[in-house]
Amino acid sequence: MVAAWALLALLAWPIAAAAAAPDSLLNICMDGKHHKTKPGPEGQLYGQCALWKENACCTANTSLEAHEDQSYLYSFNWDHCGAMPEKCKRHFIQDTCLYECSPNLGPWINQVGVETPHTHAHTPSWGELG
């Protein structure tokens, strides 16, 4: 029973965090490689990214590229380890659309390399990790 309550708490946490997020963290786009500077309507979003067509941080071209097996977005091929099952590919495309298109990821955005009064250590960027 305790495990069920713990699982329920883990599932509810993102919803509670988003509800408690200040308005300044919502309706913003990440400062990313393929993100628009401000969210807005993007009526021609492709496939699974169409969920954000009313208010998106991605362009129609980015949404199309998210669905390509060999995409220029991050020079990544979904089938780099062999043919990926369609169910798995669908999951990863959904994840890519959320990352590229959602204007409400602000509560989960951490600026990389920004020092706070409590942290003086260098925080590596993704490029430095791999």
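This is a predicted model: local features need pLDDT of at least 70, side-chain atom pairs count only at pLDDT 80 or more; totals for chains, interfaces and linings use all residues.
Threonine 96 counts as buried, because its relative accessibility is 15% and the limit for a buried residue is under 20%. Threonine 96 sits in helix H3, which runs over residues 86–101. A polar atom of its side chain lies 2.9 Å from the backbone oxygen of phenylalanine 92. Once the neighbours within four places in sequence are set aside, threonine 96 is in contact with Ala66 and Trp78.

The chain has 4 helices and 2 strands, and along the sequence they follow the pattern α-α-β-β-α-α. The chain has 130 residues, of which 27% count as buried. Its accessible surface comes to about 9300 Å², and 62% of that surface belongs to carbon and sulfur atoms. Among contacts with a separation of 6 or more, 43% are accounted for by residues 24 or more positions apart.

A pair of aromatic rings is described by the distance of the centres and the angle of the planes. The structure holds 2 aromatic pairs. One of them joins phenylalanine 76 and tryptophan 78, with 5.6 Å from centre to centre and 85 degrees between the planes. This pair is edge-to-face, because planes over 60 degrees apart count as such. Ring pairs link Phe76, Trp78 and Phe92 into a cluster. Phe92 is also the residue whose backbone oxygen lies 2.9 Å from the side chain of threonine 96.

Tryptophan 78 is buried, because its relative accessible area is 11%. Phenylalanine 76 has a relative accessible area of 36% and is therefore partly exposed. Phenylalanine 76 belongs to strand E2, residues 76–77. Together with Tyr74 and Tyr99, Phe76 makes a nonpolar surface patch of about 300 Å².

Serine 75 is found in the loop between strand E1 (70–71) and E2. With a relative accessible area of 65%, serine 75 is exposed, because the class begins over 50%. Its phi is near 50 degrees, a positive value in a residue other than glycine. Most residues other than glycine have a negative phi. Asparagine 27 also has a positive phi, near 60 degrees. Asparagine 27 lies in the loop between helix H1 (2–20) and helix H2 (60–66), and it counts as partly exposed because its relative accessibility is 41%.

The loop between H1 and H2 also holds glycine 40. Glycine 40 has a relative accessible area of 11% and so is buried. Apart from neighbours within four places in sequence, glycine 40 is in contact with Glu54, Asn55 and Ala56. Glycine 40 and glutamate 54 are 14 residues apart along the chain, and their C-alpha atoms are separated by 6.9 Å. Alanine 83 is placed in the loop between E2 and H3, and it counts as exposed because its relative accessibility is 75%.

Charged side chains come next. The structure holds 4 salt bridges. One of them joins glutamate 42 and lysine 36, at 2.9 Å from N to O. Lysine 36 is buried, because its relative accessible area is 17%.

Lysine 89 forms a salt bridge with aspartate 69, and the closest N and O atoms are 2.8 Å apart. This pair links distant parts of the chain, 20 residues apart: lysine 89 is in helix H3, while aspartate 69 is in the loop between H2 and E1. Lysine 89 also forms a salt bridge with aspartate 79, with the closest N and O atoms 3.7 Å apart. Here lysine 89 in helix H3 is linked to the loop between E2 and H3, where aspartate 79 lies 10 residues away.

Lysine 89 counts as buried because its relative accessibility is 7%. Aspartate 69 is partly exposed because its relative accessibility is 33%, and aspartate 79 is partly exposed because its relative accessible area is 26%. Asp69, Asp79, Glu86 and Lys89 are linked in a network of salt bridges. Helix H3 thus holds both lysine 89 and threonine 96, where this account began.

Conventions: Residues are numbered from 1 along each chain as its sequence is written. Side-chain values use heavy atoms; hydrogens and water are left out. Buried means under 20% relative accessible area, exposed over 50%, partly exposed in between (1.4 Å probe, protein chains only). A polar contact is a pair of N or O atoms within 3.5 Å; within protein, one must be able to donate a hydrogen and the other to accept it, and residues adjacent in sequence count only if both atoms are side-chain atoms. Contact means heavy atoms within 4.5 Å. Rings of Phe, Tyr and Trp (its six-membered ring) pair if their centres lie within 6.5 Å; planes under 30 degrees apart count as stacked, over 60 as edge-to-face and the rest as tilted. Patches are made of residues with over 30% relative accessible area and no salt bridge: like charges are joined within 9 Å, nonpolar side chains (Val, Leu, Ile, Met, Phe, Trp, Tyr) within 5 Å. Accessible areas come from the Shrake-Rupley method with a 1.4 Å probe; for residues, only the protein chains shown count as cover.
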